[in-house]
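Me: I would like to learn how to read strands, helix packing and pockets in a model. Please take them one at a time.
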Amino acid sequence: MGRDARELSFRPVVDSSRLAQLPCFAELSDEQRTQASDLLEEVVVSAGAEVAVQGDFAYHFFVVEDGTAEVRENGARVAELGPGDFFGELALLRDGPRSASVVAATDLRVRVIPRQEFGRSMRRLPTLAHSVRAAAVTR
Ligand code: CMP
C-alpha cells in the first residue's frame with residue numbers, strides 16, 4: 001500500500017458545493033469555497049490502508065469527507081476521525097515527522113492538500129486555519 005497517499009491516484013475536484021458540508025469550510029464565502037476546492041484534491045482510500053505512518057515525512061494534509069479513520073500512536077488507538085475531521089496538520093505545522101499513524105477503518109474519501117500548498121491554504125482560508133490551530137493545541 002502506498003504510504004501517505006503518495007501512490008494513490010488523485011483526481012481533480014469539480015464540485016465545490018460538497019465542501020460546504022464540512023465544518024472547517026462551512027463559513028467560507030462562495031468565492032473562498034471555490035478557491036478551497038481548487039486547492040483540495042479528492043482521494044479514495046480502501047479500508048485497512050495506512051494513510052499516514054508514524055515517524056514518516058509528511059507529504060499531505062487531509063480532510064475526511066466520508067468514512068472513518070483511526071489514529072494510532074505506537075500501535076494504540078488514540079482517536080477516531082469521521083466526516084469533517086482533518087488530520088496530518090501536526091507534522092506540517094511542526095515541520096517534523098508524523099506523530100501517529102492514521103489508518104482507514106472503512107473505505108475513506110478524503111480531501112488532500114499537498115505539503116507545499118498547506119501554508120498558502122492556511123493563509124487564504126482563515127476558517128480552516130482557525131480549526132487547524134485549535135485542534136493542534138489539543139492533539
Ligand atoms: P500528523 O502528526 O501530521 O500525522 C498524524 C496525525 O494524526 C496528526 O498529524 C494529527 O492530525 C492526528 N492525531 C494525532 N494525535 C491525535 C489525537 N490525539 N486525536 C486526534 N488526532 C490526532
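Reply: Two strands pair if DSSP finds at least two bridges between them; strands (E, at least two residues) and helices (H or I, at least four) are DSSP runs numbered from the N terminus. This is a predicted model, in which local features need pLDDT of at least 70, side-chain atom pairs count only at pLDDT 80 or more, and totals for chains, interfaces and linings use all residues. Residues are numbered from 1 along each chain as its sequence is written, and side-chain values use heavy atoms, with hydrogens and water left out.

Me: Which residue of β5 stands opposite Ala69?
Reply: Leu81 of β5 is opposite Ala69, and Glu80 of β5 faces Glu70. β4 and β5 run antiparallel and are joined by five bridges. Two residues lie between the strands of this hairpin, where Asn74 has a positive phi near 50°.

Me: In what order do the four strands form the open sheet?
Reply: The order is β2-β7-β4-β5, with antiparallel pairing. β2 (50–52) and β5 are the edge strands with a single partner strand each, so one side of each has no neighbour in the sheet. From one strand to the next, the twist averages 30°.

Me: How are two packed helices described?
Reply: The angle between their axes and the distance between the axes describe them. Axes are lines fitted to C-alpha atoms, for helices over the stretch in contact, and angles run from 0 to 180 degrees between N-to-C directions. Here α4 (residues 115–124) and α5 (residues 126–138) pack at about 110°, their axes 5 Å apart. The two are therefore roughly perpendicular (65 to 115 degrees). Phe118, Met122, Arg123 and Arg124 of α4 make the contact with Pro126, Ala129, Val132 and Arg133 of α5 (heavy atoms within 4.5 Å).

Me: What does rolling a probe over the atoms show?
Reply: A probe the size of a water molecule shows where empty space is left. On a 1 Å grid over the protein atoms alone, with a 1.4 Å probe, a pocket is an open set of points with protein on both sides within 12 Å along at least five of seven lines, and lining residues have an atom within 4 Å of a point. The largest pocket has a volume of about 290 Å³ (the space filled by probe spheres set on the points). It is lined by 16 residues, of which Val71, Leu90, Ser99, Ala100 and Arg139 are the closest to its centre. β4 (69–73), β5 (76–81) and α3 (89–94) each supply at least two lining residues.

Notes
Parallel < 35°, antiparallel > 145°, perpendicular 65-115°, else oblique.
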